[in-house]
Amino acid sequence: MKSVFSNKFFFLTALVLGAALTRLLPHYPNFTAIGGLALFGGAYFDKKWQSFVIPFAALFLTDLLLGFHSTMFAVYGSFALIILLGMSLSKKRTVTSVLLASVTSSVLFFVITNLGMWMTMGMYPKTAAGLGMCYTAAIPFFHTTLLGDLFFTSVLFGAYELIQLKAPQLVRVKNN
């Protein structure tokens with residue numbers, strides 16, 4: 001019988017949880033590991049359910065401490081799409097494909113979460129012009145989202161690949 005849990009599973013889970021915990025440390029606005037850990041989880045967990053459950057659990061646990069808000073549906077929705085994007089990397093993880101996916105995840109997060117903000121908050125009129133104002137007001141935060149995603153994606157993917165080379169026993173899949 002093959003176990004669903006392996007050294008690889010536990011190592012990946014530890015990396016995802018560690019990345020999620022960085023949300024609790026002081027940081028520049030939007031410079032977090034959210035996009036990177038979703039992309040990483042989608043790309044490396046062997047089972048689809050693990051790709052969703054572990055990153056979502058990590059996000060939810062940190063949200064329990066940080067608090068919830070009215071645009072959580074947009075954050076979690078964009079997170080799910082980023083995990084799916086990560087799954088598209090599971091067969092071919094090149095530096096170029098990972099960086100492109102990281103930039104794409106930043107754009108997805110920006111578009112979806114700001115649409116959610118426009119829909120739920122009373123800050124902007126519910127018109128095309130109001131939506132444009134919402135996106136325009138969010139532009140100053142996009143660069144830190146992009147930099148955070150690129151940084152944490154590089155750290156997570158790089159750490160895993162380095163461990164795979166230097167200590168493969170940590171990421172070996174057991175066959176029971």
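**Close-ups of a predicted helical model**

**View 1. Helix 4, end to end.** Helix 4 runs for 16 residues and covers 23 Å from its first C-alpha to its last, close to the 22 Å expected at 1.5 Å a residue. What you're looking at is a predicted model, with a mean pLDDT of 92 for the protein chain and 95% of its residues at 70 or more. Confidence is highest in helix 4, at a mean of 97, and lowest in helix 1 (residues 7-21), at 92.

**View 2. Ile83, a buried residue of helix 4.** Here we zoom in on Ile83, which sits in helix 4. Is Ile83 buried or exposed? Ile83 counts as buried because its relative accessibility is 0%, and the cut-off for buried is under 20%. Leaving out residues up to four places away in sequence, Ile83 touches Ala38, Gly42, Ser51, Phe52, Pro55 and Phe56.

**View 3. Leu85 and its contacts.** Leu85 also belongs to helix 4. Which residues does Leu85 contact, once neighbours within four places in sequence are set aside? They are Leu39, Ala101, Thr104 and Ser105. Asp63 makes a handy reference point: Leu85 and Asp63 are 22 residues apart along the chain, and their C-alpha atoms are separated by 22 Å.

**View 4. Helix 1 and its packing.** Helix 1 has 15 residues and spans 21 Å from first C-alpha to last, close to the 21 Å expected at 1.5 Å a residue. Its buried residues are Lys8, Phe9, Phe11, Leu12, Thr13, Leu15, Val16, Ala19 and Ala20. What do they pack against? The buried residues of helix 1 pack against helix 2, helix 3 and helix 6. Take Leu12, which is in helix 1: with a relative accessibility of 1%, Leu12 counts as buried. Beyond its neighbours within four places in sequence, Leu12 is in contact with Phe40, Tyr44, Phe45 and Tyr160. The C-alpha atoms of Leu12 and Tyr44 are 7.5 Å apart, although the two residues are 32 places apart in sequence.

**View 5. The loop between helix 1 and helix 2.** Two residues of this loop are picked out here, His27 and Asn30. His27 has a relative accessibility of 38%, so it counts as partly exposed. Apart from residues up to four places away in sequence, His27 touches Thr22 and Thr32. His27 and Gly148 are 121 residues apart in sequence, but 9.9 Å apart in space, C-alpha to C-alpha. Asn30 is partly exposed too, with a relative accessible area of 33%. Check its backbone: Asn30 has a positive phi of about 70 degrees, although it is not a glycine. For context, most residues other than glycine have a negative phi.

**View 6. The largest pocket.** How much space lies in the largest pocket? The answer is about 770 Å³. The pocket is lined by 28 residues, and those closest to its centre are Asn30, His69, Val75, Phe109 and Thr113. By type, the lining divides into 14 nonpolar, 11 polar and 3 charged residues. Helix 2 (34-44), helix 3 (48-66), helix 4 (72-87), helix 5 and helix 6 (128-166) each supply at least two lining residues. Which helix gives the largest share? That's helix 6, with 6 residues.

**View 7. Asn114 in helix 5.** The last stop is Asn114, found in helix 5 (residues 95-120). Asn114 is buried because its relative accessible area is 10%, against a cut-off of under 20%. Not counting residues up to four places away in sequence, Asn114 touches Phe109, Cys134, Tyr135 and Ala138. Phe109 turns up in the previous view as well, as one of the residues closest to the centre of the largest pocket.

How values were computed:
Residues numbered from 1 in each chain as written. Predicted model: local features only at pLDDT ≥ 70, side-chain atom pairs only at ≥ 80, totals over all residues. Heavy atoms only, no water. Helix = DSSP H or I, 4+ residues; strand = E, 2+ residues; numbered from the N terminus. Buried < 20%, exposed > 50% of the residue type's maximum accessible area, 1.4 Å probe, protein only. Contact = heavy atoms within 4.5 Å. 1 Å grid on protein atoms, 1.4 Å probe; cavity = no way out; pocket = protein on both sides within 12 Å on 5 of 7 lines; lining within 4 Å. Points joined across faces, edges and corners; volume = space filled by probe spheres on them. Nonpolar A, V, L, I, M, F, W, Y, C, P; charged D, E, K, R; others polar. pLDDT = per-residue confidence, 0-100. Expected span 1.5 Å × (residues − 1).
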